[in-house]
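Visitor: I am new to this structure. Could you walk me through a few of its spots?

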Amino acid sequence: MKRNRAAAAISVLTAAALVLSGCSKPHTTLAYASGSRVDCGGKQAITASGSSAQANAMTEFIAAFNKACKGKQSITYTPNGSGAGVNDFLAGKTDFAGSDIPLTDEQYAAAKQRCGGNDAWNLPVVFGPIAITYNLNAVDNLVLDAATLAGIFNGSITRWDDPAITALNASMPPENIHVVYREDPSGTSANFQAYLQAASGGAWDKGTGKIFAGGVGTGAHGNQGTAAEVKNTEGAISYNEYSFALQQNLFAAQIKTSASRKSLRPVRIGADTVGKTISNAKIIGKGNDLVLDLSGFYNPSQPDVYPIVMVTYEIVCSKYPSADVGPAVKAFLQAAVGPGQADLDKHGYIPLPPDFQSRVFGAIDTMTATPGTNGLTG
């Protein structure tokens, strides 16, 4: 039975991946990525840490960086979670941070000090759907909505055959629900809880933020940890950046939104449904600090819009105190936002649309480094 279900999961997620892949129209729109400029130079090896949600995308970014700079420059990225990554950057342990939520006001002040009196910027590099992953031996197709998810993750719904769940599904097994959550400070948790708070009609009253506040379940570290826990636990449910669901061949629930209730069609993850989601993203940051407002994602007015999507940022200094670090970070960002975007859709991400890519490239072009003894500048 498990072998057949694994094959079914592979089939379902492979079909979804094909929707997100290079064999379909969305991939052909990425011609702008291949010809983007990468100005290699500066420090030979740089470091970064943070978001585990962007870990699989980072593999593509690093490959593009290595190719563009002919292997003469390198980067080491540690996917230790958004919270840890921002802390590493603020402490000067890394050259930039990956985070699924932008800096707070307090962190901006600390970042300015870390950047030698210069502003820090949040630069969006990729969009990632958050999949509601689950492992139920008897269920290959699951429909949930925000209110029911809130009940599951706050502990008020504890069984799969709870009336709130069976109202959305034909039948459910008489099993206990095993909640799996991120135990580390996580941008994935922050985005998921923001969705619950905005879309559950008051059912989620635990607040938002990087720390999971539901108070129930089993904790695991990183998206890779929660995905592995779901795969190995009958009755489990969690929230994962979609590329990790693909990696582990996990089933992903379809989501019923307020708009899809009217059409009676729940929404699956796909390039079309997520593409319509990110069209509602708005830049609210000032100047080249390209913070996005995602609040328009959670309660879509169209029935075929997937509501749980996050953007992942690289948090960088607008001007680096070290003259050799600035050009190296700048070159990496050019590779990530340029050629590194080309195959992201094959891995379950949604690349930056051309207009966002253009804005991010414009910001990267203005990055500079404080002149040092070697005379290098960005």
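Predicted model: local features only at pLDDT ≥ 70, side-chain atom pairs only at ≥ 80, totals over all residues.

Visitor: Which side chain of opposite charge is nearest to Glu241, and how far away is it?
Guide: Glu241 is buried, and its contacts beyond four places in sequence include Ala53, Asn223 and Tyr349. A salt bridge needs a nitrogen and a carboxyl oxygen within 4 Å, and Glu241 has no salt bridge. The nearest side chain of opposite charge is Arg182, at 9.4 Å.

Visitor: How do helix H5 and helix H6 pack: oblique or parallel?
Guide: Helix H5 (residues 82-90) and helix H6 (residues 105-114) have axes 9 Å apart, at an angle of about 40°.

Visitor: Which residues of H5 make the contact with H6?
Guide: On the H6 side you will find Gln107, Ala110, Ala111 and Arg114. The residues of the contact divide into 5 nonpolar, 1 polar and 1 charged. From H5 come Val86, Phe89 and Leu90.

Visitor: Is Lys70 buried or exposed?
Guide: Lys70 lies in the loop between helix H4 and strand S2, and has a positive phi of about 55° although it is not a glycine. Its relative accessibility is 67%. The cut-off is over 50%, so Lys70 counts as exposed.

How values were computed. Residues numbered from 1 in each chain as written. Heavy atoms only, no water. Axes fitted to C-alpha atoms, helices over the stretch in contact; angles between N-to-C directions. Helix = DSSP H or I, 4+ residues; strand = E, 2+ residues; numbered from the N terminus. Contact = heavy atoms within 4.5 Å. Nonpolar A, V, L, I, M, F, W, Y, C, P; charged D, E, K, R; others polar. Buried < 20%, exposed > 50% of the residue type's maximum accessible area, 1.4 Å probe, protein only. Lys, Arg positive; Asp, Glu negative; His and termini not counted.
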